[in-house]
Amino acid sequence: MQKYSTFFIGGQWVAPASPTPSLLAVIDPATEEAFAEIAMGTKEDVDLAVQAASEAFDTFSKTTVEQRISLLDGIRRGLEARREDIAQVISREMGAPITFAREAQTFTCIAHVEAMIDILRTYKFEESLGTTQILKEAIGVVGLVTPWNWPLNQIICKVIPAIATGCTVVLKPSEIAPLDAIIFAEILDQAGVPAGVFNLVNGDGPTVGDAISRHPDIHMVSFTGSTRAGIQVAKSAADTVKRVTQELGGKSANIILREADLEQAVSTGVAICLSNSGQSCDAPTHMLVPAEHYERALTIAAKVANEAVVGLPSDPATQYGPLASRMQFDKVQTLIESGVKEGARLVAGGLGRPDHLQVGFYAKPTVFADVTSDMAIVREEIFGPVLVISSYDTEKQAIEFANSGLYGLAAYVQSNDKAKANSVAKQLRAGSVFVNYPDWDVMAPFGGYKQSGNGREGGPHALTEYLEIKAIVGYGA
């Protein structure tokens, strides 16, 4: 079993502050067996990391854009060189099928860095407004807390804009999927990122995450995870009046308009919902179809779910792997059970593992029909391979239902009438609306309305979260 007993602080791998640190097993969700072990940090480790980041900030914040572009290019080359290492470790630690780990989980990381390099080449950190000079300056030391479902992608989406703006970083990756972050630290070190600019402390949310949120010398916290945990981060950060950005839960509606190709719209929607075993915060988990097409849509959806290839992450033919942890598996099973008990019609899947898999945190691709708005499977983010399908009579009903929940991270609209699809998209209260299943756009800002959080990641909008605005009035007089 591989042991990772150090943290990356001040440009070095250092032992935990505690002489007897707690250790945590990293579980392979396909086998339910431990394959690695990490040391768990404490408040004292966070203090040391913040001290290193604070000492590095004064110098790093004054680097030129060209110097930071050079660093990002080195990081990009490092990611390319270790692309297969990253894919293999993500597949092992959180169960992503190896093909998906290579083509999605790892690909997006490199694409984000490439995009940020392009953005920096033309981004204006200074501009004149009348007699006032507007400066956009690095906010300071930033604390980053990231999830397990897209582990390195979410680290990249926070660390790269932080470095691009001249901030210094203290990162707590997910303790469920921490090993990709260790590879990333090695890449940054090899790329020549100055000591103290990037610091990594493993640990759990109540200890390390809370210490980051409360720390008086951290000037901004960016958190991705559940809405429940995001609320606690905001509360912990409030006493020091630091900036908090959050990318939280989602329950994304997928409105199939009457003008859509039903077969294509439903089958693609089911596949996207199941992608990453349903463990994506923007997954289209609630499909809304015209009442006259409802039963046909259910038949199409059930066929896709029943034919889904669920299997070992190491098999290149596997489409969907296990859920990332026992806790997540239990949560998904509990919600599937609640859907059955509350009277939803099960048209595919259901409780338990797929019949051919006796070990691992595998859930059956599941489709529910005849749901009502008071059911837990409609209200709550399941974060598993579970789709609910409702019917509607009018577009107004569909839009109202899509906007009625607590979340507003993403929404989807399908129609062969692009003008109508765009019109509906503009009426949806969500941070991202995907029309006709478009290709991924690395420049698109990503974030939510309502209890899906605040702030944006991705593209040029990501830089805003890491910058303070200074107005020098009279500068041009």
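Is Arg83 buried, exposed or partly exposed? Select Arg83: this residue is partly exposed, with a relative accessible area of 29%. Buried means under 20% relative accessible area, exposed over 50%, and partly exposed in between (1.4 Å probe, protein chains only).

Before moving on, note the ground rules. The model is predicted, so local features need pLDDT of at least 70 and side-chain atom pairs count only at pLDDT 80 or more, while totals for chains, interfaces and linings use all residues. Residues are numbered from 1 along each chain as its sequence is written, and side-chain values use heavy atoms, with hydrogens and water left out.

**Salt bridges**

The term means a side-chain nitrogen of Lys or Arg within 4 Å of a carboxyl oxygen of Asp or Glu. Glu80 is partly exposed, at 34% relative accessible area. The whole structure holds 27 salt bridges.

Next, select Lys158 and Glu457. Their side chains form a salt bridge at 2.6 Å, N to O. This pair links distant parts of the chain, 299 residues apart: Lys158 sits in helix α5 (residues 151-165), Glu457 in the loop between β22 (453-454) and α15 (461-464). Helices (H or I, at least four residues) and strands (E, at least two) are DSSP runs, numbered from the N terminus. Lys158 is buried, with a relative accessible area of 1%. Glu457 is buried too, at 8%.

Go to Arg345 and Asp370, another salt bridge (2.9 Å, N to O). Arg345 lies in strand β15 (residues 345-348) and Asp370 in the loop between β16 (366-369) and α12 (376-379), so the pair ties together parts 25 residues apart in sequence. Arg345 is partly exposed at 31% relative accessibility; Asp370 is partly exposed at 36%.

Now pick Glu32, Arg326, Asp330 and Arg353. Salt bridges that share partners join these residues into one network.

**A buried glutamate**

Select Glu381, in the loop between α12 and β17 (386-392). Show Gly250: its backbone nitrogen lies 3.1 Å from a polar atom of the Glu381 side chain. Beyond four places in sequence, Glu381 touches residues including Gly249, Lys251, Leu335 and Tyr407. Contact means heavy atoms within 4.5 Å.

**Nonpolar cores**

Select Leu72, Ile75, Leu79, Phe184 and Phe198. Within the largest nonpolar core, of 73 residues, these touch the most other members. Helix α4 (residues 98-122) gives the most to this core, with 11 residues. A nonpolar core is a set of buried Ala, Val, Leu, Ile, Met, Phe, Trp, Tyr and Cys residues joined through side-chain atoms within 4.5 Å. Around Leu72, contacts beyond four places in sequence include Val113, Met116, Ile160 and Ala164. Then move to a second, separate core of 31 residues; among them are Ala30, Ala301, Val310 and Leu357.

**Cysteines**

Last stop. The structure has 0 disulfides, a disulfide being a pair of cysteine sulfur atoms within 2.5 Å. Select Cys109, which is buried at 1% relative accessible area. Its sulfur is 7.8 Å from the closest cysteine sulfur, in Cys157, too far for a bond. Finish at Cys281: the nearest cysteine sulfur, that of Cys157, is 10 Å away. Cys281 counts as buried, at 13% relative accessibility.

Notes. A polar contact is a pair of N or O atoms within 3.5 Å; within protein, one must be able to donate a hydrogen and the other to accept it, and residues adjacent in sequence count only if both atoms are side-chain atoms.
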